Amino acid sequence: MSSDVRRKSIRRVHAAVRQEPAAPAVPNELPTVSLSKLTKPDFRAEEYLKETLRVVQEKNIRQFRKALEDSRKGASKNLQKNVYRNYESFVFISKEISSMERDMQLLRELLHNISEVGDELMDEDELMDEPSRLARRRTQRMSMANQHDMFKDQLAKLWRTIRESQKLVPFAPGRHVVGDSRNVSELSPSTLQTRQKVDIIVLSDMILLAARKRRGNYAQTMLVADRSFELANVTVADVGDAARSGFLVKIVNRAETFLFGFKNADAKNEFLLLISHAKAGVFADLSGPPPPMPMPLMPVHSERDDDDGAVSSDQRKRMDEYIDTLDIHIARREFDAATSLVLQLKQQAGATAGLQDVRQAADSHTADLARLILADLLIPCSSRKQVTQNVGLLHRLGWDKEAKGAFLAARSATIKNRTRQLKLEGNTQLYIRELAIVYFRLIRNTCEWYSELFADPTMISALIAWVRQEMAGYAVIFRRHVFHEMQRFQVIASCLNHTLAEVDILGHAGLDLKFMLDQEFFPDLTSCIRSYESRCLALLTKVASEDSLQVASKVSTENYPSAAAIFGPHIPIVSTVSRLDESLTEFGNELQFIVRDSLYSQVVASVLAVIEGVLKQFLTILRKRESGYTRELALLVSTQAVISWVIPRAAAHLDRIFGRTVSDIHNLEQRLEAFPLSLQDVFCQKHSVAISKMTFDFVTADFVIDSTVTDAMQPSPQMEQLLGQLGVVARDLDQWPSLSKRSILSSLIDCLFVQMIDHRNWENNGSKRMFSHYGVHQLVLDIHFLLRVCGSLVSKSTNNMANRVCEKALRSYFAANANKGREMMNKSWYDARVLTTMHRLGFSFPDFGNGFEHRSQQSFDTGARESPEPS
């Protein structure tokens, strides 16, 4: 029949097509399948075919039909793939729906049973006379007392068996053990890997998980309480019995999900039956376990009735009905009606004397009702309407303090859940931006809600404490992802700017938290600057240790007058100085992103540490490395460049960053002004020892020579070699105009005489140094020759030390040769020997001092007149 209808519709379409006016046909035009038209909700096949095939030839119609069939097959395959992909979810949801339907059916039956039990009890009370009613109530109370004793014994045994279980399962009226499931595997919901073996104990109102742990190194295991759940807040679902997944049960406690695997289907079904019995126990009849909330106390004997005074039996019966109705409202979670009823019950019980038991029952029900409302309020991500309603009910019950704590705890849980939903995919700035949005906008919403829900000004302090707590939590996450990962200052600044932008939004809610951010992040920022300083020092130390001390480049002294006065238009620097300047420039460029006045002292301290660290490296290299005169003189020049060029550049850069003069860096140039002179002294001390050992070694020289003093004596060859080495130093100094040639040579000569005057060099194995007649004249002649050649380079202190050396040598000679009476030569004899030697050597000696060449020429002329020409 359906095929006949299809053929008729196709005939009508072709007829309609033939009746349309013929349009100019386009040859070989192939109609296309428009999926957008086919998926419209108001799709009509006849109109679509009429529009598409109006001017199409038969050949193209066949191709169009084939295209339609291909589209249908593709849609069928996609549908089949979607079914396969979502099959497990579909099965799981179907099972949950069926389980929920069973629970709802069970709830309807239980509510029906409890109403029938109430009606039967009321009918029996009406039929019974007063003595029978009292006896029945007494019997019921006795049986309930026995049950309470039994329940206490069960809890005591539970506490003895499972360690730390009393903390998680404290005593509560009516709480008792329903049953347990042993040796259950707790699985990871994501990987289905076994986490631990547990025992699940089902109580009347709770579920306790006890982990099996080994005791020491032995195979014996013990049970330790792990966690517990309120039965009213959990959802237990049967995941399935598939061979791949096992016999699994899922327990959902608010935002947490737990998965448990059982050995077989019987163990799993037994556990689910225990859960059903525990949940059904709230609505059980008198033969079953009592509800967790205490029943209202009823009068026991006639004496109590006498004490009630004006309380009539009708009034007490009405109170009992109120309490029964209240129990039903609480069981059905009709909190609004239950709150109104409990307040009405309290008011009536308080206005009538003799209803002390009713007041106690009302207080107990108030506590139970408030705890259930608090449990709802603790659920994170609740709507504003629901939160307002719950807080209002708790306010009516007088539980404002508990409502405040539960509200703030729920908001903290909401922030935590939203934070866990953020994805960190390598972009730290994006993650921190989203994190700041989540944290501070939820904090702002919480502040707005809090001001509406809790109008009491005395409760504001709790909100401030909560805000500080959440700020500390945000700082922990920020610190872990930004500071501990050693991000660049630009990334840190970007993350801080995102945070400050969201904090500004809180200012509109009347809560300024910028000072709290400064307090939280100031130690981390200073730590980052110190870390950057350490990395710079480590890098520069490595560069300095590998530096060949050759001139790497020349930089201009333009805009640096102090450097230009020393070096001229260009400064020759080694690679370490160049790298120091680059590091300080990069340091300043990084600092400009996070700079603030509170970081001024740390920034200055780090820059000073970097510069002083490089100068200390120069001092260490000069003392320990043997690099030669030229390279060590280049090191002295580089030290001057650091003080006269690098420091002013760094100071100017920091001035621009802070927008004011950084006086501490500017003063560093003056403070280190004497440091190059200290390095020069080290250079001179080091090379004076080396020169003396190579040439005129006073320590090992032999001055006990048995020879005759004649006019042919000349300065020793060792002294001539010493002056030759001084000439080498002088020629090397000519390459460095910025160094004081006179000062360095003078210091070298001074250090030579310091070694000579040292008392340790005048003793040999405990005995004084000895001089012969020839030896003392040779020493005095060498010293006289050195002083005359060096000329103006000899300082007053050097001249005094030379006199002391000669005097000490003469005293030693006279002390040992007092009776020989040999003639000692005078000054003119020494001058003649020196002039003869200078005339013999001619201009081979370098010009050590200013005007030496002119003065030596005069000395040569004088020597030519006073002594014969040398052969």
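Trainee: What is the relative accessible area of D336?

Mentor: The model is predicted, so local features need pLDDT of at least 70 and side-chain atom pairs pLDDT 80 or more, whereas totals for chains, interfaces and linings use all residues. Residues are numbered from 1 along each chain as its sequence is written, and side-chain values use heavy atoms, with hydrogens and water left out. Buried means under 20% relative accessible area, exposed over 50%, and partly exposed in between (1.4 Å probe, protein chains only). D336 counts as partly exposed because its relative accessible area is 40%.

Trainee: With which residue does D336 form a salt bridge?

Mentor: A salt bridge is a side-chain nitrogen of Lys or Arg within 4 Å of a carboxyl oxygen of Asp or Glu. For D336, the closest N and O atoms of the pair are 3.3 Å apart, and the partner is R396.

Trainee: How many residues apart in sequence are the parts that D336 and R396 tie together?

Mentor: Helices (H or I, at least four residues) and strands (E, at least two) are DSSP runs, numbered from the N terminus. D336 lies in helix α11 (residues 335-351) and R396 in helix α13 (residues 384-397), so the parts tied together are separated in sequence by 60 residues.

Trainee: Are D205 and R175 buried or exposed?

Mentor: The side chains of D205 and R175 meet in a salt bridge at 3.0 Å, N to O. D205 lies in the loop between β2 (194-203) and β3 (206-214), and R175 in the loop between α7 (165-168) and β1 (177-187), so the pair ties together parts 30 residues apart in sequence. Both D205 and R175 are buried.
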